[in-house]
Amino acid sequence: MKHSVAIGNLSLESGTTLPGVRIAYETWGRLNVARDNAVLICHALTGDAHVVGPTGPGQPTPGWWDGLTRHLDPADWYVVAANVLGGCQGTTGPSSDAPDGRPWGSRFPAITVRDQVAAEAALTDALGIDQWAAVIGGSMGGMRALEWPLMYPDRVGTAIILASTGYATADQIAWCAPQLAAITEDPDWQGGDYYDTGRSPVAGLGIARRIAHVTYRSAYELATRFGRDAQPGEDPATGGRYAVESYLDHHATKLTNRFDPGSYVVLTRAMNSHDITRGRGDLASTLAGLKARLVVAAVDSDRLYPPALSDELVAAYPAADGVHTITSPYGHDGFLIELDQVGDLIARTLKVSTTAQP
């Protein structure tokens with residue numbers, strides 16, 4: 001069920017204040033009497049609060065992790081997913097109205113992953129939840145799931161980090177740079193103030209999505225799925241497309257039909273800011289104070305968030321008990337596609353965590 005709550009003014013890591021913040025969220029299941037069965041799902045870059053369920057009025061896409069409830073039963077768990085701060089699916093972002101009634105646009109402040117977690121913490125307060133039994137996230141969601149027990153050590157029982165990292169690497173930031181440029185150099189960007197002008201930098205957003213999607217999949221999958229095949233009815237030798245080009249065009253169109261370019265820019269920059277060691281020390285000393293159980297999983301074919309980054313996290317925090325491997329030919333997107341493997345890990349982790357409680 002979709003909800004929205006006002007959390008008021010939010011103090012940002014930059015020292016500025018974002019006024020009148022609203023958070024959109026969805027829930028499944030019921031909070032039990034002990035209020036200890038709540039699980040927070042943190043979505044990735046272009047996800048939203050609609051984790052499971054069909055399309056419908058105001059919801060053009062099915063749940064991005066549809067089927068998760070096979071492993072995270074709403075009969076046992078109260079599952080919450082919030083649209084991230086800076087997003088475009090009901091939570092305050094650059095397309096939202098500022099206090100003067102005009103869209104924030106270029107005036108929307110720079111935010112960090114820690115700001116996004118602070119917004120989720122305010123939602124947690126509004127829901128009357130003292131502690132999450134688990135916070136679960138992949139990719140950008142994994143960044144937030146990792147920051148949660150560091151910022152609020154007494155409010156997370158278990159953090160499950162999927163295909164993510166303790167900090168944005170130079171390689172990841174480099175891949176983001178042409179995506180950001182594609183949008184902000186689109187003439188219809190208009191300095192970020194394109195809202196209500198009748199023009200939007202959708203061409204730039206489409207290019208950004210094409211670049212990003214290549215990093216989300218593996219070279220093996222693209223080679224075996226498409227190879228050098230031409231798109232049916234087209235001849236690359238006379239200006240037609242290869243099948244893999246058509247595939248990227250398809251994903252570009254899908255995103256431009258449902259996502260705001262301004263949010264893509266804000267959220268990408270927030271991902272670039274991610275570094276759990278900022279202001280805390282090195283990786284080992286940062287993680288040393290964790291009270292939550294830390295569960296780390298990597299996709300073996302991920303070339304954007306390679307398993308070495310998960311290995312590094314676990315090496316810095318041996319109590320994490322190793323890296324769980326998601327076997328997949330699909331690359332980074334394996335954390336979304338290999339639902340049985342991921343769901344089984346979540347179910348086993350929560351069962352162990354529940355059994356371990358006094």
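This is a predicted model: local features need pLDDT of at least 70, side-chain atom pairs count only at pLDDT 80 or more; totals for chains, interfaces and linings use all residues.
I started with the strand order. The eight strands form an open sheet that runs β1-β2-β4-β3-β5-β6-β7-β8, and the pairing is mixed. Next I looked up the edges, and found β1 (2-11) and β8 (323-326), each of which pairs on one side only. From one strand to the next, the twist averages 25°.

**Entry: β3 and β5**

Strand β3, residues 38-42, and strand β5, residues 132-138, are parallel partners joined over four bridges.

Which strands does helix α2 touch? I noted β3, β5, β6 (156-162) and β7 (293-299) as the strands that α2 (residues 140-151) packs on. The direction of α2 makes about 145° with that of β5. I also checked helix α9, residues 307-316, which lies across β7 and β8 and runs at about 160° to β7.

**Entry: the largest pocket**

My last stop was the largest pocket, whose volume comes to about 890 Å³. I listed its lining of 39 residues, and those closest to the centre are T46, R209, R258, D333 and L336. Which helices did I find giving at least two residues each to this lining? They include α3 (170-184), α4 (202-216), α6 (243-256), α7 (261-273) and α10 (334-337). Sorting the lining by class, I got 19 nonpolar, 14 polar and six charged residues.

Notes
Residues are numbered from 1 along each chain as its sequence is written. Side-chain values use heavy atoms; hydrogens and water are left out. Two strands pair if DSSP finds at least two bridges between them. Axes are lines fitted to C-alpha atoms, for helices over the stretch in contact, and angles run from 0 to 180 degrees between N-to-C directions. Contact means heavy atoms within 4.5 Å. On a 1 Å grid over the protein atoms alone, a cavity is a set of points where a 1.4 Å probe fits but cannot get out, and a pocket is an open set with protein on both sides within 12 Å along at least five of seven lines; lining residues have an atom within 4 Å of a point. Grid points are joined across faces, edges and corners, and a volume is the space filled by probe spheres set on the points. Ala, Val, Leu, Ile, Met, Phe, Trp, Tyr, Cys and Pro count as nonpolar, Asp, Glu, Lys and Arg as charged, and the others, Gly among them, as polar.
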